[in-house]
Amino acid sequence: MIELNCLNDYCPIPLLKLKEIEHSIKDGEKIRLVTDHSCVCESITDYCKQKKYNITIVEPMNGIWEIEINKSIC
């Protein structure tokens with residue numbers, strides 16, 4: 001699993017970071033993006049829906065979100 005630490009990154013930086021590494025990720029490989037900005041959850045979700053990637057969002061601590069993206073298409 002590839003980890004993207006996007007703590008303290010404002011939109012659209014996390015999405016740009018995801019796009020930067022996306023081409024090097026193999027089908028079925030997972031990415032975990034960690035953020036402390038709720039708006040990032042929306043932008044990443046919208047992008048993953050467009051790409052038809054599986055996405056799961058959890059909030060393990062108040063104000064911290066872990067977005068898990070599976071590049072395999074639904």
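Q: In which helix is the place of Gln 50, and is Gln 50 buried or exposed?
A: In this predicted model, Gln 50 has its place in helix 2, which spans residues 38-51. Its relative accessible area is 64%. Exposed residues are those over 50%, so Gln 50 is classed as exposed.

Q: What distance separates the C-alpha atoms of Gln 50 and Ile 64?
A: Gln 50 belongs to helix 2. Along the chain, Gln 50 and Ile 64 are 14 residues apart.

Q: With which side chain does the side chain of Glu 22 make a polar contact?
A: Leaving aside neighbours within four places in sequence, Glu 22 is in contact with Tyr 47, Lys 51, Tyr 53 and Lys 71. A polar contact requires N or O atoms within 3.5 Å. At 2.5 Å, such a contact joins the side chain of Glu 22 to the side chain of Tyr 47.

Q: At what angle do helix 1 and helix 2 pack?
A: Two packed helices are described by the angle and the distance between their axes. For helix 1 and helix 2, the axes are 9 Å apart. The packing angle of helix 1 and helix 2 is about 35°.

Q: How many residues of the contact of helix 1 with helix 2 are charged?
A: Helix 1 contributes Pro 14, Leu 15, Leu 18, Lys 19 and Glu 22, which meet Val 40, Ile 44, Tyr 47 and Lys 51 of helix 2. Six residues of this contact are nonpolar and no residue is polar. The number of charged residues is three.

Q: In which sense do strand 1 and strand 2 pair, and what is the hand of the crossover between them?
A: Strand 1 covers residues 2-6 and strand 2 covers residues 30-35; five bridges pair them in the parallel sense. The chain passes from strand 1 through helix 1, residues 13-22, to strand 2. Cys 6 stands opposite Thr 35 of strand 2. The pairing is parallel, and the β-α-β crossover is right-handed.

Q: How far apart in space are Cys 11 and Cys 41, C-alpha to C-alpha?
A: Cys 11 is found in the loop between strand 1 and helix 1, and at 35% relative accessibility it counts as partly exposed. Not counting residues up to four places away in sequence, Cys 11 touches Cys 39, Val 40 and Ser 43. Cys 11 and Cys 41 are 30 residues apart in sequence, and their C-alpha separation is 9.9 Å.

Q: Which residue does a cis peptide bond join to Cys 11?
A: Omega of this bond is about 5°.

Q: What is the phi of Asn 8?
A: Asn 8 lies in the loop between strand 1 and helix 1 and is exposed, with a relative accessible area of 58%. Its phi is positive in a residue other than glycine, with a value near 70°.

Q: What is the phi of Lys 52?
A: Lys 52 has its place in the loop between helix 2 and strand 3. At 53% relative accessibility, Lys 52 counts as exposed. Although Lys 52 is not a glycine, its phi is positive, about 65°.

Methods:
Residues numbered from 1 in each chain as written. Predicted model: local features only at pLDDT ≥ 70, side-chain atom pairs only at ≥ 80, totals over all residues. Heavy atoms only, no water. Pairing = 2+ DSSP bridges. Helix = DSSP H or I, 4+ residues; strand = E, 2+ residues; numbered from the N terminus. Right-handed = clockwise from strand over helix to strand, strands pointing away. Buried < 20%, exposed > 50% of the residue type's maximum accessible area, 1.4 Å probe, protein only. Polar contact = N/O pair within 3.5 Å; in protein donor to acceptor, adjacent residues only side chain to side chain. Contact = heavy atoms within 4.5 Å. Axes fitted to C-alpha atoms, helices over the stretch in contact; angles between N-to-C directions. Nonpolar A, V, L, I, M, F, W, Y, C, P; charged D, E, K, R; others polar.
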